[in-house]
Amino acid sequence: MQFTLKQLRYFEAAFRCESIAKAANEMNISQSSITAAIDVIEKSLGFELFRRMPAKGIRPTRNGKAVGARVAEYLEQTRIFESDILSLAGDPIGTLRMGCYAPTAPYMLPRILNRVASEYPSIRVDLKEGDLEAMVGFLQGGLVDVALTYRRVTPTGLPFMPMFRARPYALLPETSPLAARSQVAIADLADLPMIMLDLPATRTYFSQIFEEQGFRPKIVHSTKSSSVLRGLVAANFGYSILNICGPNDRAGKSGYVSRPITGKLDAPYFGMAYTKASKRSAIVRAMLDIGADLAGAGAFDDLVMLPQDYIH
């Protein structure tokens, strides 16, 4: 078979994205390079891998689906092999590709990357941010080795190491009457205007928090940016609900304050998701150890806001 590892990577990107244009953008190359790689592999194999759909991208044929699954598995094994070969002489060395759920990145990444830099200076970390569904896609597509995300959207087939439970809390304008309270209830919030963090899986999750207690949130604005969300709350457009409580959220010096929410609420685990194959990598094992050590030392405790009567 006359094709290269690079061509396999280009093919896999096209297979996963079902778009030559998106694959080219992801790989930071020209569309013609993606097309040329597909042509070489199809010619070598002797059958068509994709059907070109005008204005709709590409769709894998039955044989294309089978080849795509095998190529993805082979590329993941190749990445692990490269990392392990580099690490034979001592501490893990090489590149770790880490995904992170974007709204949590400012709070999670500095703590973890500082530990990586301190303990394993030879590890280079490539970061990839996205929403919850993107984290799953990155892992399944082999774009990242480990992802910082919530367990509630992690498929059963992907192993997950929990680090802490992220209980939802209320982010309130500092001028809100509720800001004078030490904690609030869902019933206190239900009739007030809400700013919704509108990312895949988040709208459903936050809405269910209300519905489980017999209410519906009164959504007046929605945004995909946690920074914009905080700005809207500070400008008194409404309150919001989040899970990770940053230092500014607690400080109450940015136009908003944070308050724990009482009652029984769905508090998803936050941690590291990975694949069974990637755990064989010395770098991934080192990263999982770092996450476990930080969690055990309470390094993430300040990111969780609990009501006064909360019992673990």
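**Reading the sheets, helices, cavity and salt bridges**

Q: In which sense do strand β5 and strand β12 pair?
A: Strand β5 (residues 146-150) and strand β12 (residues 269-274) are antiparallel partners, joined by five bridges. Within that pairing, Ala147 faces Ala273 of β12. Two strands count as a pair if DSSP finds at least two bridges between them. Strands (E, at least two residues) and helices (H or I, at least four) are DSSP runs, numbered from the N terminus.

Q: What should I know about the model itself?
A: The model is predicted: local features need pLDDT of at least 70, side-chain atom pairs count only at pLDDT 80 or more, and totals for chains, interfaces and linings use all residues. Residues are numbered from 1 along each chain as its sequence is written, and side-chain values use heavy atoms, with hydrogens and water left out.

Q: In what order do the five strands of the open sheet stand?
A: Read across the sheet: β4-β3-β5-β12-β6, with mixed pairing. The edge strands are β4 (123-130) and β6 (160-165), and each pairs on one side only. From one strand to the next, the twist averages 20°. Angles run from 0 to 180 degrees between N-to-C directions, along lines fitted to C-alpha atoms, for helices over the stretch in contact.

Q: Which strands does helix α5 touch?
A: Contact means heavy atoms within 4.5 Å. Helix α5 (residues 105-119) packs on the sheet and touches β3 (94-101), β4, β5, β6 and β12. The direction of α5 makes about 170° with that of β4.

Q: Which strands stand at the edges of the three-stranded sheet?
A: Three strands form an open, antiparallel sheet in the order β10-β7-β11. The edge strands β10 (240-242) and β11 (256-260) have a single partner each, so one side of each is left without a neighbour in the sheet. The twist here averages 35° from one strand to the next. β7 (residues 169-173) runs antiparallel to β11, with five bridges between them. Leu171 has Ser258 in β11 as its bridge partner. Helix α9 lies across β7, β10 and β11, at about 50° to β7.

Q: How many residues lie between β1 and β2 in their hairpin?
A: Three residues separate β1 and β2, and Ala55 in the turn has a positive phi of about 65°. Strand β1 (residues 50-53) and β2 are antiparallel, joined by four bridges. Met53 stands opposite Gly57 of β2.

Q: How many residues line the largest cavity?
A: On a 1 Å grid over the protein atoms alone, a cavity is a set of points where a 1.4 Å probe fits but cannot get out, and lining residues have an atom within 4 Å of a point. The largest cavity has 18 lining residues, with Tyr101, Tyr150, Leu197, Phe206 and Asn243 nearest its centre. Two elements give two or more residues to this lining: α8 (202-211) and α9 (226-234). The largest share, three residues, comes from α8.

Q: Where in the chain are Arg59 and Glu18, which form a salt bridge?
A: Side chains of opposite charge can pair when their charged atoms come close. A salt bridge is a side-chain nitrogen of Lys or Arg within 4 Å of a carboxyl oxygen of Asp or Glu. The structure holds twelve of them. In one, the side chains of Arg59 and Glu18 meet at 3.6 Å, N to O. Arg59 is in strand β2 (residues 57-60), and Glu18 is in the loop between α1 (5-17) and α2 (20-27). This pair, 41 residues apart, links distant parts of the chain.

Notes:
On a 1 Å grid over the protein atoms alone, a cavity is a set of points where a 1.4 Å probe fits but cannot get out, and a pocket is an open set with protein on both sides within 12 Å along at least five of seven lines; lining residues have an atom within 4 Å of a point.
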